[in-house]
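User: I have a model open and want to go through it with you. Can we start with the core?
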Amino acid sequence: MTIHAGATIDPGATVAESVTVWQGTHVRSGAVIAANTSLGQYVYVGPGARIGAGCKVQNGAYIYEPAEIEDGVFIGPRVVLTNDRHPRAIMPDGRQKGPDDWEPVGVTIRRGASIGAGAICVAPVEIGRWATVAAGSVVVDDVADHALMAGVPARRIGWVGRSGVTLRRSGGLWICPVTGEAYEESAGESSIRRIDPTTTGL
Ligand SMILES: CC(C)(COP(=O)(O)OP(=O)(O)OC[C@H]1O[C@@H](n2cnc3c(N)ncnc32)[C@H](O)[C@@H]1OP(=O)(O)O)[C@@H](O)C(=O)NCCC(=O)NCCS
């Protein structure tokens, strides 16, 4: 475990041995950070938020509880994962809200997905496996596996393979220019799945 002297890991946080945490980062009690994950500078990980193994969290990302991040996820600089869809500091009658006066909702990010710099994921929302969210996007709806999302609000502008590079259409299939993997759309172009070359002869 490499914890920079200027980082704060609260008692009750679970941080695996092989994790790297850079300066100014704060990991709150109850948070879980799994093996080989790296947290950059000035990252915030809320109480009970969970980050899987082999993730890369860039500088200044804010991960509010109860975020759930699976293995191998990339979180770009200044990404925000929110936890309150209708936030208020005070009650309708003007009284201050306490911790029990609201119900946190979380962002779930599935294995291998990437969230580009400065993107905001507005909970509750789920980002599918190997999806990519473009820099500066605001995600308000669930995202399909392998979807390339961009804009405010984010809309699907393409598909991405496991390499993170945009898939190219070829015949009726979608091909990754890096790995050569082939995908086919299903469910009326709302989802895509990788084709096993052994079953297609590709
Ligand atoms: C979304 C992204 C993956 C697209 O890259 P690409 O596959 O090379 O595609 P292009 O740059 O050709 O862009 C494709 C289209 O998306 C648009 N686009 C690209 N990035 C966009 C963004 N961040 N927001 C909105 N639209 C975007 C382009 O304008 C283009 O639109 P057009 O077809 O109407 O001309 C890339 O721009 C991106 O945002 N990557 C994330 C970078 C990042 O945050 N890295 C973090 C480490 S610092």
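User: How many residues does the largest nonpolar core have, and which have the most contacts inside it?
Analyst: The largest nonpolar core has 45 residues, and Ile109 and Ile127 have the most contacts inside it. A nonpolar core here is a set of buried Ala, Val, Leu, Ile, Met, Phe, Trp, Tyr and Cys residues joined through side-chain atoms within 4.5 Å, where buried means under 20% relative accessible area (1.4 Å probe, protein chains only). This is a predicted model: local features need pLDDT of at least 70, side-chain atom pairs count only at pLDDT 80 or more, and totals for chains, interfaces and linings use all residues. Residues are numbered from 1 along each chain as its sequence is written, and side-chain values use heavy atoms, with hydrogens and water left out.
User: Where does that core lie relative to the domains?
Analyst: Domain 1 (2-160) and domain 2 (161-202) both contribute residues, so the core lies between them. The domain bounds come from an automatic or database assignment.
User: How far apart are the domain centres?
Analyst: The centres, taken over C-alpha atoms, are separated by 28 Å. Nine residues from domain 1 and 13 residues from domain 2 form the contact, meaning heavy atoms within 4.5 Å.
User: Switching to the ligand. Which backbone atoms lie by it?
Analyst: A backbone N or O atom of Ala117 is 2.7 Å from a ligand oxygen atom. For Ala135, a backbone N or O atom is 2.8 Å from a ligand nitrogen atom.
User: And what about the Thr166 side chain?
Analyst: One of the polar side-chain atoms of Thr166 lies 2.7 Å from an oxygen atom of the ligand.

Note on methods. Buried means under 20% relative accessible area, exposed over 50%, partly exposed in between (1.4 Å probe, protein chains only). A polar contact is a pair of N or O atoms within 3.5 Å; within protein, one must be able to donate a hydrogen and the other to accept it, and residues adjacent in sequence count only if both atoms are side-chain atoms.
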